[in-house]
Amino acid sequence: MKDSIRGILFSQETAEKVKESFLNLSKMNSFESFIEIMKILNELAIAEDKTVLSSYSIELETFADNDRMKIVHDFVHKNFENKITLHDAASLINMSSVTFNRFIKKRTGKTFVNYLNEIRISYAARWLMEKNLTVFETAFEAGFNNIANFNKVFKSIKKQLLLNLKNFLRG
C-alpha cells in the first residue's frame, strides 16, 4: 500500500490473474466483495513483476516536524512548473544557497536541483499516463525548458528511455 502512492505498474500476467476477480466484484454481496478485494490486494502485494512508477520518495511525514522543510516542499510542489533557482528556495527559509543545499541534502539525500527534477519527473510520468499530451508538451508543463534536458533527466531518474516507458505503459 505504501508504494501505491507512487503508482505501480503490474505485468500483463499479474493483471490477467486478478482480472476475473475484479469483474466478479459487482456480483458479490458486501462481505464477499470485501474478502475478494483482500485477495486481490494480497495477489498484487506479492507480485514480483511490478514497477514503481514515480521515483519521488519524500513523504510529508518525513519532515512533518520540520517547518522549514515543509515550506520548501509546499513551495516546490506549487511552483515546480516555473523556473526555481537554488537562491529562490533558500531565501524562503532565510538560508544561504550553500547552507540550503546542505540542508536539503541532509533531509532528502539529494541536492536541491535533483530534488526539484525528481518532483518534476514524477508529475511528468503521471501526466504521460493520465493526460493526452505529447512528450514535448509534458516536458514544458513539468518545468523543463527544453526537450533534450527533459529526456536526459527523465532517463537518469527512471533509468530507461522515455519513449520505451511511454510505449510500455500504453501498449
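These legends describe close-up views of one predicted model.

Residues are numbered from 1 along each chain as its sequence is written, and side-chain values use heavy atoms, with hydrogens and water left out. In this predicted model, local features need pLDDT of at least 70 and side-chain atom pairs count only at pLDDT 80 or more, while totals for chains, interfaces and linings use all residues.

View 1. Helices (H or I, at least four residues) and strands (E, at least two) are DSSP runs, numbered from the N terminus. Read from the N terminus, the order is β-α-α-β-α-α-α-α-α-α-α. Of the 171 residues, 36% count as buried; buried means under 20% relative accessible area, exposed over 50%, and partly exposed in between (1.4 Å probe, protein chains only). A contact means heavy atoms within 4.5 Å. Among contacts between residues at least 6 apart in sequence, 62% join residues at least 24 apart.

**View 2. The largest nonpolar core has 29 residues.** Such a core is a set of buried Ala, Val, Leu, Ile, Met, Phe, Trp, Tyr and Cys residues joined through side-chain atoms within 4.5 Å. Val72, Phe100, Ile104, Phe112, Tyr115 and Phe150 have the most contacts inside this core. Two or more residues come from each of H3 (67–79), H4 (86–92), H5 (97–108), H6 (112–130), H7 (135–141) and H8 (147–158). Helix H6 gives the most, with 10 residues. Leaving out residues up to four places away in sequence, Phe112 touches Val72, Val76, Ile84, Thr85, Leu86, Ala89, Phe100, Asn101 and Ile104.

**View 3. Phe80 pairs with Tyr123 and with Trp127.** Rings of Phe, Tyr and Trp (its six-membered ring) pair if their centres lie within 6.5 Å; planes under 30 degrees apart count as stacked, over 60 as edge-to-face and the rest as tilted. By this rule there are 9 aromatic pairs. Phe80 and Tyr123 are stacked, at 4.2 Å centre to centre with 15° between the planes. Phe80 lies in the loop between H3 and H4 and Tyr123 in helix H6, 43 residues apart. The rings of Phe80 and Trp127 have centres 5.9 Å apart and planes at 40°, so this pair is tilted. Trp127 is also in helix H6, so the pair ties together parts that are 47 residues apart in sequence. Phe80 is buried at 5% relative accessibility, and Trp127 is buried at 12%. Elsewhere, Phe100, Phe103, Phe112 and Tyr115 form one aromatic cluster.

**View 4. Ser21 sits in helix H1 (residues 12–24).** Why is Ser21 counted as buried? Its relative accessible area is 18%, and the cut-off is under 20%. The side chain of Ser21 makes a polar contact with the side chain of Glu36 (2.8 Å). A polar contact is a pair of N or O atoms within 3.5 Å; within protein, one must be able to donate a hydrogen and the other to accept it, and residues adjacent in sequence count only if both atoms are side-chain atoms. Apart from neighbours within four places in sequence, Ser21 is in contact with Glu36 and Ile40.

**View 5. Confidence is lowest in helix H9 (residues 162–170).** The value used is pLDDT, the predictor's confidence in each residue, from 0 to 100. The mean is 50 in H9, against 93 in H4, where confidence is highest. Over residues 57–61 the pLDDT is below 50. Where pLDDT is low, the predicted coordinates should not be read in detail.
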